[in-house]
Amino acid sequence: MDIRSLDLNLLVVFDAMLKHQNVTKAAEAIKLSQPAMSAAISRLRTLFDDPLFVRTGAGMAPTPKAQALSPSIRMVVQTIQTDILQPKSFDPFRSDRTFTLVTPDIAEVNFLPRLLSTLAEKSPHISLKTLAMPREAAANSLEAGSAEMAIGYFPDLHKAGFFQQKLISSSHVCLVRKKHPDIREKLTLEQFAKASHAVVKPDGREHVFEQFLQSKNIKRRVVVELSHFMSLLPIIETSNLIATVPKDLADFFVQHGEVRYVSTPMKSPIIDVHLFWHQRFQKDSAHIWLRQVINQLFSQGRLNKELNTSPKQSTPK
């Protein structure tokens, strides 16, 4: 038998006949007219080359072949009803799914610990994998399904086929060591231009502040150029260099190192951090759940910063 010749509706008819062993009752159960039910039974008999159900004093009894087919057909019908037509709802506490996120090292150190803490409580069997990649590769990864989400500044993902949700907006600040000999509570444009700088330029990523300086024709002396933001902390702590970084990263550095930050001497660009995902995951229940968790954590982070941010963070000690 060629499976292409099989009408799955006939399996529903077979299952109903097996259950009710009465043409009229079986037709009512699956909402078919009696003539349509009789026609379907005739097609089943032709398909399997067997009477399948024969009339007896008690009704329409299954033949030995129908009885042999019944477990397999029942399983197929139940699978279609429960797993395909009515997929199981997502249970975060029981799920062992692994989610892959595309995100730069800033988010890994500043956000991932909070996410892992939440998952440990709400979904202890879920695993995470993070990838750092150029922006073009991020789009390809989401389209291919090798990653489910991207968190960060990805201007190339603002396009058809992708969904997005804004998480935070971050300005830029200048990071210096706590006992910097020259920079106090304020930084002038002249000081900024004359100072020695550490600059981070991740491979394949947008360098927003660098483009901003070029557009304003502001020049500075770059002493060291790095590929990763997390390399900055020990360098700034032990030198008189300045690093211009997103404020949310500066907040993290202030909490964990002997550094402080001051405002930039110019109005620097604002970076909008988004959560991105491809349309293929839009209706996925597990994906929807994780998006809600991430959005809630960022919302809590914004509130906590508003309540706890102190101006003393940028004051030399």
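This tour moves through a predicted model, one selection at a time.

**Before starting**

Residue numbers count from 1 along each chain as its sequence is written, and side-chain values use heavy atoms, with hydrogens and water left out. Because the model is predicted, local features need pLDDT of at least 70 and side-chain atom pairs count only at pLDDT 80 or more, while totals for chains, interfaces and linings use all residues.

Colour the chain by pLDDT, the predictor's confidence in each residue from 0 to 100. The mean for the protein chain is 87, and 91% of its residues reach 70 or more. Next, select residues 306-317, where pLDDT stays under 50. Where pLDDT is low, the predicted coordinates should not be read in detail.

Helices (H or I, at least four residues) and strands (E, at least two) are DSSP runs, numbered from the N terminus.

**Helices H1 and H3**

Select residues 8-20 for helix H1 and residues 34-48 for helix H3; their axes come within 10 Å and cross at roughly 100°. Axes here are lines fitted to C-alpha atoms, for helices over the stretch in contact, and angles run from 0 to 180 degrees between N-to-C directions. H1 and H3 are therefore roughly perpendicular to each other, a word that covers 65 to 115 degrees. On the H1 side, the contact (heavy atoms within 4.5 Å) is made by Leu 10, Val 13, Phe 14 and Met 17. From H3, the residues involved include Met 37, Ile 41 and Leu 44.

Stay in H1 and show Asp 15. Is this residue buried or exposed? At 12% relative accessibility, Asp 15 counts as buried; the term means under 20% relative accessible area, with exposed over 50% and partly exposed in between (1.4 Å probe, protein chains only). Leaving aside neighbours within four places in sequence, Asp 15 is in contact with Arg 74 and Val 77.

**The E1-E2 hairpin**

Move to strand E1 (residues 53-56) and strand E2 (residues 59-62), which pair in the antiparallel sense over four bridges; two strands pair if DSSP finds at least two bridges between them. Two residues lie between E1 and E2 in this hairpin. Phe 53 stands opposite Pro 62 in E2.

**The five-stranded sheet**

Display the open sheet with the order E4-E3-E5-E12-E6, in which the pairing is mixed. Strand E4 (127-131) and E6 stand at the edges, each with a single partner strand, so one side of each is left without a neighbour in the sheet. From one strand to the next, the twist averages 20°. E3 and E4 pair in the parallel sense over five bridges, and Phe 99 stands opposite Leu 128 in E4.

**Helix H7**

Select residues 135-144; the buried residues of this helix, H7, are Ala 138, Ala 139, Ser 141 and Leu 142. They cover an arc of only 165° around the axis, which puts them on the same side of H7; the arc is that of the directions from the helix axis to the C-beta atoms. These buried residues pack against strands E3 (98-102), E5 (149-152), E6 (162-170) and E12 (271-278). After H7 comes Gly 145, with a positive phi near 85°.

**The three-stranded sheet**

The last stop is an open sheet with the order E10-E7-E11 and antiparallel pairing. Its edge strands are E10 (243-246) and E11 (259-263), each pairing on one side only. Five bridges join strand E7 (residues 172-177) to E11. Finish at Cys 174, whose bridge partner in E11 is Val 262.

Notes. Angles under 35 degrees count as roughly parallel, over 145 as roughly antiparallel, 65 to 115 as roughly perpendicular and the rest as oblique.
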